[in-house]
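The sequence and structure come first, followed by points grouped by topic.

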Amino acid sequence: MDILLMVFYATLVLGLLVFIHEGGHYLASRLFGVRVTEFMLGLPGPSIGFTKGGTKFGVTPILLGGYAKVCGMEPGPLSDHLEPVLAALYTRGTANMEDIAQDCGISDDEAYEALEQLVEWGSILGPTKKDKYNTYRTPEYVPSKKEIREALAAGKPAPQKRETGIPILVEDSHELYESEYHQQYRSLPFWKRSVILLAGIAVNLLFAMMLFIIIFSFIGVDMQHPTTGVMHHVVLAPLDAIQFGFSYIGMVVQMVANLFNPATAADTISNSTSIIGIAAMSKGAFDAGLVSALEFVAMISVSLGIMNLLPIPPLDGGRFVVEIFQKVSKKVVSAKVLNYLSVAGMVLFLGFFLVMANQDIQRFVFGNW
C-alpha cells in the first residue's frame, strides 16, 4: 500500500508541475498568435478531449506530465514548395502525395517533404492509419464567436463550419501561405521565440514563489526558538517569503551548476535523487500535513524549472542556446545536428538517472530516508 501511495503522490506532483510548465509554453504561444494544435495532460499517446480555438485539449492514459504541441518548432530549412503545395491541397480538399506532386510539377519526395512540414504547422491533416496511401486533408474549421461577430460587423456573411477534407477556394496562394506562416513559432522574432521557450520555466518558478508566500505568509510555520528551544508559530511578511523563495532558487541553481564542476560533481550527485526518491519523499511530505506537502511541491517545482534551464537539447535551455547560436551566426541548425545534440543530452541524463536511481534503491531498501 505504501508503494502505491508513493506512485500516486509522485504522479500527482510531477504531473501537475509538468502540466503547469507546458501551460506556460501554451499561454506564451497563444499570446504571440502561434498555433498550438494539442495541449494534453499526460504523455503522448491515444487521447480523449475536446477542440476549441484550433487546439485539442484532453488527457492521455499515462498521466505523468503533459505537453503542448507548438507549431513551427521543427528544425532545419523550409521546403521551397510550401506555397504551391498548400494551395494545391486546399483546392483538392483531399489528395494523395502523388496528386500534389503532379499538380505542382515536383517530385514525390519534394511533395512529401512539403506536406509533412505543413502537417507540422497544423495547416493540413496528415495520413491516418486507415489510409492505404499517403492521403492528406484540409483541417476542420469552426469559426469563433469573435470571427462571426467581426464578419457581421463588416457587413459580410458569417463564416460557416467546414468539415475535414472539404475543398477550399484559394483566391491568393501567397496570401494563404503568409497567413499560415505567421501562425508558426519560426515566424516570430528572436525575443518572442525566447519568451515561448522560457515561459515554462518562468511559470514553474512563479508557481513555487506563490506557494512559498502561501506557506510562510498566510498559513505560517512552526519554528523552534534558537535560545529557548520552544516551538512557536511564525507568520512572515510576504516580502520575507519572497526573499526566502529567491534564496532557495539560488541554492538550487548552485547545486545544478555543481553537477558540471569536476570538483563537486560526485558530492552533488550523491546528495541528489531520482524520480524513485521523489516518490518516497512525496509520501513522507503528504503524510506530514498540508504545509509539508505544499513546501515539497514548491521545491520540486523549482528543481524542475532550473533543470530545464540546462543548455542541453531537448530541454528548454538547450533550445534557447540553439536560438542564440542561430541569431548570432545567421545559420539554421539542421534537424540532423539537433537530433545528435538531443541524443547526447538524453545519454547524459540517462547516466545521471541510473546513478541516482541506484542510490535511491539502496536508500529505500535500507530505509535511510
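**Charge and polar pairing**

D80 sits in the loop between strand 4 (66-70) and helix 2 (82-92). The model is predicted. D80 belongs to a patch of negative charge on the surface, and a search of the whole structure finds seven salt bridges.

Negative patch
- The patch gathers D80, E98, D108, D109, E110 and E113.
- Helix 4 (residues 108-121) supplies the largest share of this patch, four residues.
- D80 counts as exposed because its relative accessibility is 72%, where exposed means over 50%.

Salt bridges
- E74 pairs with R186, with the closest N and O atoms 2.9 Å apart.
- R92 and D103 form a salt bridge at 2.5 Å, N to O.
- R92 is in helix 2 and D103 in helix 3 (residues 97-104), so the pair connects parts 11 residues apart in sequence.
- R92 is partly exposed at 36% relative accessible area, and D103 is partly exposed at 41%.
- K161 and E140 form a salt bridge, their closest N and O atoms being 3.8 Å apart.
- K161 is in the loop between helix 5 (145-153) and helix 6, and E140 in the loop between strand 6 (135-137) and helix 5, 21 residues apart.

Buried polar contact
- N204, in helix 7 (residues 190-219), is buried with a relative accessible area of 0%.
- The side chains of N204 and H21 are joined by a polar contact of 2.8 Å.

Terms used. Residues are numbered from 1 along each chain as its sequence is written. This is a predicted model: local features need pLDDT of at least 70, side-chain atom pairs count only at pLDDT 80 or more; totals for chains, interfaces and linings use all residues. Side-chain values use heavy atoms; hydrogens and water are left out. Patches are made of residues with over 30% relative accessible area and no salt bridge: like charges are joined within 9 Å, nonpolar side chains (Val, Leu, Ile, Met, Phe, Trp, Tyr) within 5 Å. Accessible areas come from the Shrake-Rupley method with a 1.4 Å probe; for residues, only the protein chains shown count as cover. A salt bridge is a side-chain nitrogen of Lys or Arg within 4 Å of a carboxyl oxygen of Asp or Glu. Lys and Arg count as positive and Asp and Glu as negative; His and the chain ends are not counted. The place of a charge is taken as NZ of Lys, CZ of Arg, CG of Asp or CD of Glu. Helices (H or I, at least four residues) and strands (E, at least two) are DSSP runs, numbered from the N terminus. Buried means under 20% relative accessible area, exposed over 50%, partly exposed in between (1.4 Å probe, protein chains only). A polar contact is a pair of N or O atoms within 3.5 Å; within protein, one must be able to donate a hydrogen and the other to accept it, and residues adjacent in sequence count only if both atoms are side-chain atoms.
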